[in-house]
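Let's take a friendly walk through a protein model, one part at a time. Keep the picture beside you as you read.

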Amino acid sequence: MSADGKLLELQGLRTYFYSEEGEARAVDGVDYTLMKGETLGVVGESGCGKSVTALSVIGLIPSPPGKVVGGKVWFKGRNLLELSEKEMQEIRGNEISMIFQEPMTALNPVYTIGNQIIETVRLHQGLGKEEARQRAIEMLDLVHIPNPEARIDEYPHQLSGGMRQRVMIAMAMSCDPDLLIADEPTTALDVTVQAQILELIGDLQSRTDMSVLLITHDLGVIAETANHVAVMYAGKVVEYATAVDLFAKPRHPYTIGLFRSLPDFAAPGERLQAIPGIVPSAFRFPSGCRFRTRCPLASEQCAREEPPLVPVEDSGEGHTLACHFPEEALGL
Ligand SMILES: Nc1ncnc2c1ncn2[C@@H]1O[C@H](COP(=O)(O)OP(=O)(O)O)[C@@H](O)[C@H]1O
Ligand SMILES: [Mg+2]
């Protein structure tokens, strides 16, 4: 761990995909920091590069067609982009775990959940068969699966979506990771179960001091859990702040647009406003500011110059913003 409390720091990360259509700049200069023991929420519409960023961190970009073409990923003092595949496998098995939106794709349907957890437990903790089974039951208990002694012998399809996600979390926790990457972990679940899963992650986090990178398109989820927030748009971070600062005073027109499209944050009686237009294709970003084609403040300068991510003067420490019109944005 670095002395300044940072667990993970991305600097100018760029990951591109290559096809006949050309070069897709899926991740194109991402900077964000995750502090030890904290949760960093990464938010943005679908297609903004949130998942590709996470997969770049853990070295799982399919290559070809993808390639990490630039930047640095600092994790506990090492730049992960410089490690060998073998070293990355060690990190993935022991220090960084990841859970995904749809547990059914990660669980093997032909094995019982017990078999799958026991396998990861044996791998990570070097236990014998009987001990590993006991440990697996404890893990199921840890993620609040009722009656774990019986459930351990069930198959994935016998469990509800929420229970399957709990199994995935148990497997991810079996190596006692420093970092849990959760990519839309509750998107496929109904609202009540969503809340339970988020609570479970928070609970595990407080017991173990692990950090969580929580990826979601839902600012409501961020509100419940994040210490810091990175807002991504078109392959970049456009705003980064503590959750407190971001919710009190969002400054990027895109962030403000995301808030306006949420029922929980609109003023009473105010109509919900979806952001007009769609996320541009990673093959063809607009010149200058990539949000300008959808932005109410867009000017000629926005078409000419790409705004850099720089500190916001009149906000909390560490609040950064990529917009040419930070003052005007306040009036939106
Ligand atoms: N395997 C792939 N091959 C080609 N393009 C990809 C691949 N995976 C992702 N992309 C592209 O990268 C961009 C960002 O995708 P992604 O990170 O999945 O977005 P998000 O997670 O924010 O919804 C999208 O334009 C997507 O089409
Ligand atoms: Mg995604």
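Below we look at a sheet, a pair of helices and the surroundings of a ligand. Please remember that this is a predicted model.

**The sheet**

Start with the open sheet, where 8 strands follow the order β6-β7-β8-β3-β9-β10-β12-β11 with mixed pairing. At its edges stand β6 (96-99) and β11 (310-311); each has a single partner strand, so one side of each is left without a neighbour in the sheet. Further in, β9 (residues 228-233) and β10 (residues 236-242) run antiparallel and are joined by 6 bridges. Across this pair, Y233 stands opposite K236 in β10. Helix α11 (residues 253-260) packs on the sheet and touches β3 (39-43), β9 and β10. The direction of α11 makes about 100° with that of β9.

**Two helices side by side**

How do α7 and α8 lie relative to each other? The axes of α7 (residues 161-173) and α8 (residues 191-208) cross at roughly 15° and come within 10 Å. Angles under 35 degrees count as roughly parallel, and α7 and α8 are therefore roughly parallel to each other. Their crossing is right-handed. Among the residues making the contact are I169 and M173 of α7, and L200 and L204 of α8.

**Around the ligand**

Which residues come nearest to ligand 1? Of the 15 around it, they are F17, A26, K50, S51 and V52. Helix α1 gives the most to this shell, with 3 residues.

Here are the two groups of residues by class:

| Group | Nonpolar | Polar | Charged |
|---|---|---|---|
| Contact of α7 with α8 | 7 residues | 3 residues | 1 residue |
| Shell around ligand 1 | 8 residues | 6 residues | 1 residue |

Terms used: Residues numbered from 1 in each chain as written. Chains lettered and ligands numbered in written order. Predicted model: local features only at pLDDT ≥ 70, side-chain atom pairs only at ≥ 80, totals over all residues. Axes fitted to C-alpha atoms, helices over the stretch in contact; angles between N-to-C directions. Helix = DSSP H or I, 4+ residues; strand = E, 2+ residues; numbered from the N terminus. Parallel < 35°, antiparallel > 145°, perpendicular 65-115°, else oblique. Left-handed = near helix turned anticlockwise from the far one by under 90°. Contact = placed C-beta atoms within 7 Å. Nonpolar A, V, L, I, M, F, W, Y, C, P; charged D, E, K, R; others polar. Near = placed C-beta within 6 Å. Pairing = 2+ DSSP bridges.
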